[in-house]
Amino acid sequence: AGTDRLCSYVNQPWLDFTGRPLEAELGNGWAEGVHNEDLTHCLETYSLAFDQRQPFAMEYRLRRNDGEYRWILDTGVPRFNSNGSFAGYIGSCLDFTDRKLAEDALASVGRRLIEAHEEERTWIARELHDDLVQRIALVTIELERCSSQTADPTGIDDRIRQARQHLCDVASEIQALSHRLHSSKLEYLGFVNAAKSFCRE
């Protein structure tokens with residue numbers, strides 16, 4: 001671009017990408033392919049850099065020759081003549097759509113992991129509170145009754161046996177709950193294969 005901010009040249013790869021002739025891209029023509037949602041930010045970034053004679057980098061969607069919008073990383077730096085006077089800008093653009101899609105997919109996997117973790121935590125909290133804690137409380141009450149009946153030991157052995165059985169049942173369920181927290185894929189496949197399997201899913 002020249003000192004007037006207008007595009008004075010684009011190379012052949014740009015023309016191949018847009019599918020437009022050089023004449024259509026000169027001046028402000030290059031901006032016609034920028035996605036409507038990105039155009040204002042794109043032009044503001046460009047103008048601000050020009051005013052300050054500073055390098056810039058921006059991302060926007062640009063229409064390819066097949067009509068598909070692709071994500072572009074556009075960087076530009078000011079040019080100066082040998083006497084130090086401002087001569088315009090020179091820049092380059094890189095189609096980084098594939099990388100952006102991969103980053104979005106990775107972020108989505110991260111969100112899914114967090115959601116699954118929260119669901120599991122909620123389930124565990126409900127199991128602990130609604131079932132196991134209540135059953136332990138009942139055993140505690142039963143043992144209190146036993147201790148208050150020391151004067152009349154009739155039936156205490158049976159009550160202690162029942163309390164012991166209740167505690168054994170609770171311990172078994174806690175063990176089962178603990179086992180459920182371990183990933184079977186991790187256990188049987190190992191970390192690397194389990195991670196690969198999850199990523200494929």
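How many disulfides does the count come to? With a disulfide taken as a pair of cysteine sulfur atoms within 2.5 Å, the count comes to 0. The structure is a predicted model, in which local features need pLDDT of at least 70 and side-chain atom pairs count only at pLDDT 80 or more, while totals for chains, interfaces and linings use all residues. Residues are numbered from 1 along each chain as its sequence is written, and side-chain values use heavy atoms, with hydrogens and water left out.

The cysteines were examined individually. A disulfide is a covalent bond between the sulfur atoms of two cysteines. For C7, the closest cysteine sulfur belongs to C93 and lies 9.8 Å away, which is too far for a bond. C93 is likewise in no disulfide, the nearest cysteine sulfur to it being that of C42, at 8.7 Å. Accessibility was classed as buried (under 20% relative accessible area), exposed (over 50%) or partly exposed (in between), using a 1.4 Å probe and protein chains only. C7 counts as buried because its relative accessibility is 12%, whereas C93, at 36%, counts as partly exposed.

Secondary structure elements are DSSP runs numbered from the N terminus, with helices (H or I) of at least four residues and strands (E) of at least two. Two strands are said to pair if DSSP finds at least two bridges between them. The model contains an open sheet of 3 strands in the order 1-2-3, with antiparallel pairing. Strand 1 and strand 3 are the edge strands, each pairing on one side only. On average, neighbouring strands of this sheet are turned by 30° against each other, direction ignored; axes are lines fitted to C-alpha atoms, for helices over the stretch in contact, and angles run from 0 to 180 degrees between N-to-C directions. Strands of a sheet pair through backbone hydrogen bonds, either parallel or antiparallel.

Strand 1 and strand 2 are joined in the antiparallel sense by 8 bridges, and R63 stands opposite Y69 of strand 2. These two strands form a hairpin with 5 residues between them, and G67 in the turn has a positive phi of about 95°. Strand 2 (residues 69-80) also pairs with strand 3 (residues 86-95), again in the antiparallel sense, over 9 bridges. Within this pairing, P78 is opposite Y89 in strand 3, and R79 has G88 as its bridge partner in strand 3. Strand 2 and strand 3 likewise form a hairpin with 5 residues between them, where G84 in the turn has a positive phi of about 90°.

Helix 4 lies across strand 1, strand 2 and strand 3 and runs at about 120° to strand 2.

T45 is located in helix 3. Apart from neighbours within four places in sequence, T45 is in contact with F56, A57 and M58. T45 and V192 are 147 residues apart in sequence, and their C-alpha atoms are 43 Å apart in space.

Positive phi values were also noted in residues other than glycine. R5 has a phi near 75° and is placed in the segment before helix 1 (12-18). R5 counts as partly exposed because its relative accessibility is 29%. R53, with a phi near 55°, lies in the loop between helix 3 (36-52) and strand 1 (56-63). At 36% relative accessibility, R53 counts as partly exposed.

Conventions. Contact = heavy atoms within 4.5 Å.
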